[in-house]
Amino acid sequence: ISINSDLEKKWLFDGIVNYKKNYNFDIEGFLSQKISRFKTIVNLKTILDDFISTQKRLTILDKLSDLNLEVYGTKTWLGHSFMRSSSLFSKFKMTPIMTSGVLSRLYQRSRVALSIAHHQAQSGFPIRIFDILGTGTPLVTDKHSELNELFEENKMFLSYESPEEASESVRRIIKDKYLGASLGRAGFEAIKNKHTFTSRVD
């Protein structure tokens, strides 16, 4: 497993402690199971990656919980947020997003869309970045070197490397309507001109 920063080490530690406390996860017992070493390592890596991703997302979202935030997720996410903070828990929407049309309308009525990639996504970037930009919604995303090969940072999107930077960028767009409109328009034009399904296939 790749731990890239002191902050991720903290997320990992908090995640393991929390999981062991609430779900009685016996990591020693897990490692002593009579299964192949390879399978054990793969399973353990998946668990740890999920811990880091969950802690990363909750930490960032908690920084924004005083805003008119909407969080859609599973009941598992709901439980994690409740243990994290009551203010974040109150932002959950239990209505499922069943179609791409519903998701698109949610993006379109949002002042800003925040993308938080999984920890284990060490390269590339989430497909939702295309979806967000394609709706003309201002995007704030964690840094991805590949993203800058396709889109112009600070013109088509803002990026962050810490929860504090994520919070600052989101609040900056909400405060500056001109900036939000400019980012949204530039991102939409980039998708329309170069990144439709047809143009990507060509």
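Hi everyone, let me start with a definition: contact here means heavy atoms within 4.5 Å. Helices (H or I, at least four residues) and strands (E, at least two) are DSSP runs, numbered from the N terminus.

A word on the source: this is a predicted model, where local features need pLDDT of at least 70, side-chain atom pairs count only at pLDDT 80 or more, and totals for chains, interfaces and linings use all residues. Residues are numbered from 1 along each chain as its sequence is written, and side-chain values use heavy atoms, leaving out hydrogens and water.

Now, the sheet. It is open, with three strands in the order β3-β4-β5 and parallel pairing; two strands pair if DSSP finds at least two bridges between them. β3 (113–115) and β5 (158–160) are the edge strands, each pairing on one side only. From one strand to the next, the twist averages 20 degrees. Strand β4, residues 139–142, is joined to β5 by three bridges, and Thr 141 stands opposite Ser 159 in β5.

On to the helices. Axes are lines fitted to C-alpha atoms, for helices over the stretch in contact, with angles from 0 to 180 degrees between N-to-C directions. Helix α8 (residues 163–175) lies across β3, β4 and β5, at about 155 degrees to β5.

And how do α8 and α9 cross? The axis of α8 comes within 5 Å of that of α9 (residues 177–194), crossing at roughly 105 degrees. The two helices are therefore roughly perpendicular, a label for 65 to 115 degrees. In that contact, Arg 172, Ile 173, Ile 174 and Lys 175 of α8 meet Lys 177, Leu 179, Gly 180 and Leu 183 of α9.

Thanks, all!

Conventions
Parallel < 35°, antiparallel > 145°, perpendicular 65-115°, else oblique.
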